[in-house]
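This report covers helix packing and aromatic ring pairs in one protein model. Please read it alongside the sequence and coordinates.

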Amino acid sequence: MNQNLIQFTKDIAGQNPAFAYVFFFISAVLQILFPPYPGDTVLILEGYLASKGLFNTYLIALNAIAGTFLSCLLLYHASYTLGDRIFKIPFINKYFPSYKIDKLIEWFKKYGSAAILISKFVPGIGSLTMIVAGTFKVPQLKAYAAMGAASVIHNSFLVFLGKTAGDNIKLIKEIFIKYNIIIIAAALISAGLYWYIKSYIKSREYRKNL
């Protein structure tokens, strides 16, 4: 699938650049709404095509961010409205096993909305996190902020990675592997600090009320 998708993307870029932006937007949406779709691959390819002068790098990045953020909002509000009933949908049952759902619920209990930011960089659970965030009733403003930050960081990095690496596919793979490790570690550390600061503030308020 990846090779066919790469060739299809290159063909669109060469034949109809204007329509390519529409395709890139749809690709960003599918990355969230249909997790098996290799959206990260397309993002890196978009950056590569920008390095060849076919597209504006910033427009590509903004396009991807918009598609990702809007599709995250869709999942969040759908699950916010449906509640636990959303897990009875066949597609959800097929691609999101119950053990991942239970794990994410624990994350939300511990980290709050920061779990959204963490999960965006953990393969296989980014889309599910938006669903659990809705069913867990994460406050909307906090959810929006976390989804926005995750969309900006993730999409921008992959687009600029593709642009910087250019034809050096080996370099892309090496950086991408290191990126996943560093980002996951950084996200976990940030979440830990968030939880510690939040607990410290609550502890101070409790002591003041004694």
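Tyr-21 is partly exposed, at a relative accessible area of 22%. Here buried means under 20% relative accessible area, exposed over 50%, and partly exposed in between, using a 1.4 Å probe and protein chains only. Phe-55 is buried, with a relative accessible area of 7%.

The model is predicted: local features need pLDDT of at least 70, side-chain atom pairs count only at pLDDT 80 or more, and totals for chains, interfaces and linings use all residues. Residues are numbered from 1 along each chain as its sequence is written, and side-chain values use heavy atoms, with hydrogens and water left out.

## Aromatic pairs

The structure holds seven aromatic pairs. Rings of Phe, Tyr and Trp (its six-membered ring) pair if their centres lie within 6.5 Å; planes under 30 degrees apart count as stacked, over 60 as edge-to-face and the rest as tilted. In the pair of Tyr-21 and Phe-55 the ring centres are 5.4 Å apart and the planes stand at 90 degrees, so the pair is edge-to-face. Tyr-21 belongs to helix 2 (residues 17-33) and Phe-55 to the loop between helix 3 and helix 4 (57-82), so the pair ties together parts that are 34 residues apart in sequence. Helices (H or I, at least four residues) and strands (E, at least two) are DSSP runs, numbered from the N terminus. Ring pairs also link Tyr-21, Phe-23, Phe-24 and Phe-55 into a cluster.

Tyr-76 is buried, with a relative accessible area of 1%, whereas Tyr-144 is partly exposed, at 26%. Their ring centres are 6.3 Å apart with planes at 75 degrees, so this pair is edge-to-face. The pair links distant parts of the chain, since Tyr-76 sits in helix 4 and Tyr-144 in helix 9, 68 residues apart.

## Helix 2 against helix 3

Helix 2 and helix 3 pack with their axes 9 Å apart and at an angle of about 150 degrees. Axes are lines fitted to C-alpha atoms, for helices over the stretch in contact, and angles run from 0 to 180 degrees between N-to-C directions. Helix 2 is therefore roughly antiparallel to helix 3 (under 35 degrees is roughly parallel, over 145 roughly antiparallel, 65 to 115 roughly perpendicular, the rest oblique).

On the helix 2 side, the contact (heavy atoms within 4.5 Å) is made by Phe-23, Phe-24, Ser-27 and Gln-31; helix 3 supplies Gly-39, Asp-40, Val-42, Leu-43, Glu-46 and Leu-49. By class, this contact of helix 2 with helix 3 has five nonpolar, three polar and two charged residues. Ala, Val, Leu, Ile, Met, Phe, Trp, Tyr, Cys and Pro count as nonpolar, Asp, Glu, Lys and Arg as charged, and the others, Gly among them, as polar.

## Helix 3 against helix 9

Helix 3 (residues 39-51) packs on helix 9 (residues 140-165) at an angle of about 50 degrees, with the axes 6 Å apart. That angle makes helix 3 oblique to helix 9. The contact involves Asp-40, Leu-43, Ile-44, Gly-47, Tyr-48 and Ser-51 of helix 3, and His-154, Asn-155, Leu-158, Val-159, Leu-161, Gly-162 and Lys-163 of helix 9. The residues of this contact of helix 3 with helix 9 divide into six nonpolar, five polar and two charged.

## Overall make-up

The protein has ten helices and zero strands. Of its 210 residues, 43% are buried. Among contacts with a separation of 6 or more, 76% are between residues 24 or more positions apart.
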